[in-house]
Amino acid sequence: SRSRSGSVGNQIRSGRQKPKDEENPGPRGGVSVGKPEDTEPPTYEVEKVGKNHSGEATYQAVLNIKGAGGRIRSIRAPPRGDEKDAEEDGEEMKKVWMEAGMAGLRDLQTKQRRNRIK
């Protein structure tokens, strides 16, 4: 007979059990963040992410939004050659998230990508 590793019987025999719904609050593979007014204000940080083709450091803003069950969704701006530019990206992302939510943030990311470093 074929093995059915996903069956309940096999999980019990192997000692594995599925986590309870309370322990797995969000959808698998994604973080549900809801509306800006229903979440605490996001935070952002600027990370040094590598070097460009000429060997100079590049920086990137990362916006962290707390979602369902305390999970964090991180949204990145494009890399910038100047740390100050990345800082401005982070401020702008935070402001747009609070005013227009995820739809506004997607529009902003599209705009930011057009101005990224080459």
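This report describes salt bridges in a predicted model.

## Overview

The structure holds five salt bridges. Three of them are described below, including the pair formed by arginine 80 and aspartate 89. Side chains of opposite charge can pair when their charged atoms come close.

## Arginine 80 and aspartate 89

A salt bridge joins the side chains of arginine 80 and aspartate 89, with an N to O distance of 2.6 Å. Arginine 80 has a relative accessibility of 8% and so counts as buried, since the cut-off for buried is under 20%. Aspartate 89, at 6% relative accessibility, is likewise buried.

## Lysine 84 and glutamate 88

Lysine 84 pairs with glutamate 88 in a salt bridge whose closest N and O atoms are 3.6 Å apart. Both residues belong to helix α2, which covers residues 83-114. Lysine 84 and glutamate 88 are four residues apart, about one turn of the helix.

The relative accessible area of lysine 84 is 56%, so this residue is exposed, the cut-off for exposed being over 50%. Glutamate 88 has 44% relative accessibility and therefore counts as partly exposed.

## Lysine 111 and glutamate 92

The side chains of lysine 111 and glutamate 92 also meet in a salt bridge, at 3.1 Å from N to O. Lysine 111 is partly exposed, with 39% relative accessible area. Glutamate 92 is partly exposed as well, at 31%.

Definitions and conventions. Residues are numbered from 1 along each chain as its sequence is written. This is a predicted model: local features need pLDDT of at least 70, side-chain atom pairs count only at pLDDT 80 or more; totals for chains, interfaces and linings use all residues. Side-chain values use heavy atoms; hydrogens and water are left out. A salt bridge is a side-chain nitrogen of Lys or Arg within 4 Å of a carboxyl oxygen of Asp or Glu. Buried means under 20% relative accessible area, exposed over 50%, partly exposed in between (1.4 Å probe, protein chains only). Helices (H or I, at least four residues) and strands (E, at least two) are DSSP runs, numbered from the N terminus.
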